[in-house]
Amino acid sequence: MNGDKPIDLLELARQAGVAEAREQSLRSRQDSVHLITFESNRDPGHHLPVGRHPQTSRVVFPDMKRHGSRIKAGETYFCDLVEYRPAVGPQVYYANPITKVDASYLFDLRPDLVDKLVEVLMRTAQAQVLEQARAQIQVKLEQSSKVQLDIIASERDSLRTENLTLRTELARAASPNQGARRPAGPRKLSDAGDSRLSTTREAPRTGNPIDDALPQDQRLGLSSSTGTTQIRRPTADELQSPLLGQGHYFVHVSPDREKLYIHAHPEGNLIAVDSRLRIPGLAVLRPFDGEEDLVASANPRVGGLAVDLTRRM
Amino acid sequence: MLFSENPDDRVMIFIDLANVQKAVRNKENTGFRIDYYRVVNELAGPRRLIGAYVFDAVSVSDRSTLDPKRRLHDALRFQGFRVIAREVNYGEEGEQKEVDVALATELVSCALRNAFDVAILVSGDRDFVPAVERVRAEGKRVEVAFFGDVAIPGEKSAFSHYLQRVADRVHNLDRLPVLQVAALDSEVAP
């Protein structure tokens with residue numbers, strides 16, 4: 001029985017001391033082993049890789065006197081660190097590699113699986129590169145598009161301004177107090193669309209509607225702004241007025257025979273001489289019973305004069 | 001008027017030449033001839049004139065360039081009109097054929113192609129009422145123009161009142177300066 005055997009207290013103390021010593025050794029070893037990733041030394045003149053202590057952030061050098069020569073930049077090792085406190089300067093550590101930590105260590109993979117893993121990683125990297133490139137291209141496209149949009153917007157604004165100017169001039173030309181003159185040239189339907197643009201090429205206005213309605217070389221500089229004037233009818237088929245300068249004219253009449261329209265045109269079929277314009281058939285429109293003065297007004301729509309055949313001055 | 005003349009409106013004009021000439025015949029023989037160029041410009045006003053059609057018929061039996069109708073058509077073409085002349089055999093009663101249908105077809109097809117915003121029909125013929133209604137149903141504005149007081153002896157008023165009712169706007173050519181004074185008698189249109 002154990003109870004019969006006397007207890008050797010010395011032996012018991014020795015066994016307990018051995019166990020404690022072993023435990024202390026393991027604890028101290030555990031404290032000195034760390035996972036260190038080594039990088040290239042950026043200091044000029046130093047070629048050995050360096051790492052950082054994970055707790056104190058102090059510099060870790062490979063212990064070249066033992067097994068540190070295996071360590072290269074970019075590698076990660078479980079290292080046994082030995083602290084060194086120089087007389088001057090901060091403390092450093094010297095590392096002895098225990099196990100290199102790489103893909104095969106982490107996953108315990110076969111070489112073919114490691115290749116597949118590398119391929120997946122490459123693909124992921126490519127996707128990341130493409131994503132970055134796409135972001136950069138998008139930024140550049142947005143910048144160039146913005147420049148083009150700015151140019152188009154400025155052109156649009158200038159066209160709007162020009163359009164507004166043309167509309168204003170058109171409205172001014174169409175108003176009854178300011179006459180508009182048709183452009184000279186062959187009578188083509190295509191000219192009709194130019195009437196709006198022609199307002200920009202008009203001669204300066206005098207403020208007199210009749211004068212403004214006439215070509216510039218036929219203006220007399222009248223100051224009246226009443227909008228009407230008189231035109232003499234010396235014979236049955238003739239009209240006479242200082243407004244009728246020498247040149248060609250078209251004369252139109254409304255079918256109700258109330259208005260006679262006269263406007264200068266290079267291709268006009270009637271010719272005024274000495275301020276007299278002969279109009280065949282005028283006697284049919286209005287019977288002639290002696291010399292008379294008719295009422296005329298500016299015709300802003302086509303330019304020229306509109307003679308009222310229903311009344312006299 | 002319930003609407004304003006928008007300068008941006010695209011105007012297309014369709015002239016039934018025979019109908020117009022029939023109505024203006026008694027006005028032209030006094031030394032005045034109708035000026036179609038002026039008609040178009042007066043009707044379009046400040047709006048954008050994009051085309052003017054003239055529809056007429058010519059006889060297949062007379063292809064001479066001295067034919068007054070062909071000469072008039074050439075003159076109109078020179079001024080920029082699109083002249084569509086149907087070659088027909090005039091019947092014993094001298095009636096023209098195909099012209100009204102050609103005009104109505106062009107009017108409706110242009111509307112369906114969105115070729116214009118405003119169509120101006122220069123005719124007083126009631127036969128165009130269905131075409132006008134169809135064009136209006138497309139959302140286009142249709143204006144009709146004709147001589148308001150024309151009454152051809154022995155016939156009803158040449159300007160159909162029903163056509164005036166279905167149109168959006170009516171122009172009375174009697175009040176527009178559309179007759180040009182001819183310098184010589186030879187200038188009077190046929």
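A residue counts as buried here if 20 or more other C-beta atoms lie within 10 Å of its own. With that in hand, I will go through this predicted model, starting with chain B.

Chain B has 190 residues, and 39% of them are buried. Its secondary structure consists of six helices and eight strands. Along the sequence the pattern is β-α-β-α-β-α-β-α-β-α-β-α-β-β. Taking contacts in chain B between residues at least 6 apart in sequence, 77% join residues that are at least 24 apart.

Now the sheet. Six strands of chain B form an open sheet with parallel pairing, in the order E4-E3-E1-E5-E6-E7. Strands E4 (82–88) and E7 (169–172) of chain B are at the edges, and each has a single partner strand, so one side of each has no neighbour in the sheet. On average, neighbouring strands in this sheet are turned by 20° against each other, direction ignored. As one example of the pairing, strand E5 of chain B, residues 118–122, runs parallel to E6(B) over five bridges. Within that pair, B:Val118 stands opposite B:Arg141 in E6(B).

Next, the helices. Helix H2 of chain B, residues 36–44, lies across E1, E3, E5, E6 and E7 of chain B. The angle between H2(B) and E1(B) is about 140°.

How do helices H4 and H5 of chain B pack, and at what angle? Helix H4, residues 99–112, and helix H5, residues 129–137, have axes 9 Å apart and an angle of about 5° between them. Angles under 35 degrees count as roughly parallel, so H4(B) is roughly parallel to H5(B). On the H4(B) side the contact involves B:Ala104, B:Leu107, B:Val108 and B:Ala111, which meet B:Ala131, B:Arg134 and B:Val135 in H5(B). By class, that contact has six nonpolar residues, no polar ones and one charged.

On to the cores. In soluble globular proteins, nonpolar side chains tend to be buried together. The largest nonpolar core in this model has 81 residues. Which of its members touch the most others? They are B:Ile13, B:Phe14, B:Ile15, B:Val40, B:Ala119 and B:Val122. Take B:Phe14: leaving aside neighbours within four places in sequence, B:Phe14 is in contact with B:Tyr53, B:Leu103, B:Glu106, B:Leu107, B:Ala119, B:Leu121 and B:Val122.

One residue to look at on the screen is B:Phe147. It sits in the loop between strand E6 (141–146) and helix H6 (161–166) of chain B. Buried or exposed? B:Phe147 is buried, because 24 other C-beta atoms lie within 10 Å and the cut-off is 20 or more. Its C-alpha atom is separated by 4.9 Å from that of B:Leu173, 26 residues apart along the chain. Beyond neighbours within four places in sequence, the contacts of B:Phe147 are B:Ala23, B:Val24, B:Ala158, B:Phe159, B:Leu173 and B:Asp174, together with A:Pro255 from chain A.

That last contact brings us to the interface. Here 24 residues of chain A are in contact with 31 residues of chain B. On the chain A side, the elements giving two or more residues are helix H3 (111–174), helix H4 (189–192), strand E8 (247–253) and strand E9 (259–264). E8(A) gives the most, with four residues. By class, the chain A side divides into 13 nonpolar, six polar and five charged residues.

The two chains also pair through strands. E8(A) and strand E8 of chain B, residues 179–181, are antiparallel over two bridges. A:Val253 stands opposite B:Leu179 in E8(B).

Last, a point on the backbone of chain A. Most residues other than glycine have a negative phi. A:Asp274 counts as exposed because it has 8 C-beta neighbours inside 10 Å. A:Ser275, with 14, counts as partly exposed.

Notes
Residues numbered from 1 in each chain as written. Chains lettered and ligands numbered in written order. Predicted model: local features only at pLDDT ≥ 70, side-chain atom pairs only at ≥ 80, totals over all residues. Core = buried A, V, L, I, M, F, W, Y, C linked by C-beta atoms within 7 Å. Buried ≥ 20, exposed ≤ 12 C-beta atoms within 10 Å, placed from the backbone. Contact = placed C-beta atoms within 7 Å. Nonpolar A, V, L, I, M, F, W, Y, C, P; charged D, E, K, R; others polar. Pairing = 2+ DSSP bridges. Axes fitted to C-alpha atoms, helices over the stretch in contact; angles between N-to-C directions. Parallel < 35°, antiparallel > 145°, perpendicular 65-115°, else oblique.
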